[in-house]
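Colleague: I am new to this structure and would like to learn how to read it, one feature at a time. Please start with how open a side chain is to its surroundings.

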Amino acid sequence: MFTPKTWPTGDTEPSRFRAMIESVRDAVIMADSEGRIIGWNRGAHETFGYDVDEIAAIPLALLMPQRYRAAHKRGFAHFAKTGESAIFGKTIEMCALRKDGTEFPCEVTVNSWVASGEMQFNAFVRDITDRRRADAALLMQARVLESMNEAVVVTDHEGIITYANRALERSFGFEPGELIGRLATTLHVIPLEETARRVETVVAAVSRAGRWTGECQNRRKDGTTFTSKVSVTELVVDDRKLFVSVQEDLTEQQELRSKLLMSDRMASVGTLAAGVAHEINNPLAYVTANLDLVVDEIERIAPGLAPEDVCELRDMLASAKEGAERVRKIVRGLKTFSRADKEAIVPLDVTRVLEWSI
């Protein structure tokens, strides 16, 4: 397929060279000094879709999109005039055009050489469509990792951090890239004697079930600590074993749990207060009633008693009634604290509430 017109038939070296060029999977194209194609390997046929009889002597410019052709023409004119070209020997990225009109990204390396006194050019064209897709996929994955709220850290089998997303760096208070190359133990509050045992537990669980999940005590850069829920999985890249750890900060959850627990305790105290108030009210009612009856009885029998005795009895009963009234106010305050009644928006005497609180 590769038959440059300047190579004599039967020449041993060109035959070997043709065999070598045909074995190359990249597209190899030869062109004359006027930019017409004079040589074409099998890789070029597979890349561009043209047969040898279709491609022979057509302009090289037909293999590139319209937007490149003006620059290509200027480049050839400049080379014809000066013998110099800015692209010779360099690899550049551009887009090429297949026979069916579809574009594809490629790497192109162009060189010149002289055969039988005539300047010729060869271009090595590598289709990088798959690489671009892989790069795009990697870029998307990287952006997804960087946009996650969960902290992600990747370590090798020696526990050295090879990647940390921005969420983890923010969570632990480190600058971008500052954690790379450090030991993962930098992030954890684990006694040295327990580190090996923890690592063995995690590795065994990952090997057995594919994942380890648990809680870890972590240490920020400033020395403060917090708890996180951690999920560890294994990842193999180029025969290299890595561990991916996804962490969720439990600080807010723990604070909410503490508030809910306190709220539940307060509700229990309120229920207890309501019960105590109810139980005190029953005996207090007949204590107060009996004190009133005793006062009436003292007034009835007062004429038959010594004045000093009547005065003393009245003082004792007044003190008892005052004590009973204080107990009644305390019970009423307990009922308010317990919120036993349905809540409603009503005018409120703040002074009374403050007195009960005091």
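Colleague: Does Arg314 count as buried, partly exposed or exposed?

Modeller: Arg314 has 38% relative accessibility, so it counts as partly exposed. Here buried means under 20% relative accessible area, exposed means over 50%, and partly exposed is in between, using a 1.4 Å probe and the protein chains only. Bear in mind that this is a predicted model, where local features need pLDDT of at least 70 and side-chain atom pairs count only at pLDDT 80 or more, while totals for chains, interfaces and linings use all residues. Residues are numbered from 1 along each chain as its sequence is written, and side-chain values use heavy atoms, leaving out hydrogens and water.

Colleague: Which residue meets Arg314 in a salt bridge?

Modeller: The general idea is that side chains of opposite charge can pair when their charged atoms come close. The cut-off for a salt bridge is a side-chain nitrogen of Lys or Arg within 4 Å of a carboxyl oxygen of Asp or Glu. Arg314 meets Glu299 at 3.0 Å, N to O. Arg314 belongs to helix H9 (residues 307-338) and Glu299 to helix H8 (residues 251-301), so this pair ties together parts that lie 15 residues apart in sequence. Glu299 is partly exposed too, with a relative accessible area of 40%. As for the names, helices (H or I, at least four residues) and strands (E, at least two) are DSSP runs, numbered from the N terminus.

Colleague: How many salt bridges does the structure hold?

Modeller: There are 18. One of them joins Arg166 and Glu169, with the closest N and O atoms 3.2 Å apart. These two are three residues apart in helix H6 (residues 166-172), so about one helical turn separates them. Arg166 is partly exposed at 24%, whereas Glu169 is buried, at 5%.

Colleague: On to strands: in what order do the five strands of the open sheet lie?

Modeller: Strands of a sheet pair through backbone hydrogen bonds, either parallel or antiparallel. Two strands count as paired if DSSP finds at least two bridges between them. The order here is S7-S6-S10-S9-S8, with antiparallel pairing. Strands S7 (161-164) and S8 (212-219) stand at the edges with a single partner each, so one side of each has no neighbour in the sheet. Strand S6 (residues 151-156) pairs with S7 over three bridges, and Val154 stands opposite Tyr163 there.
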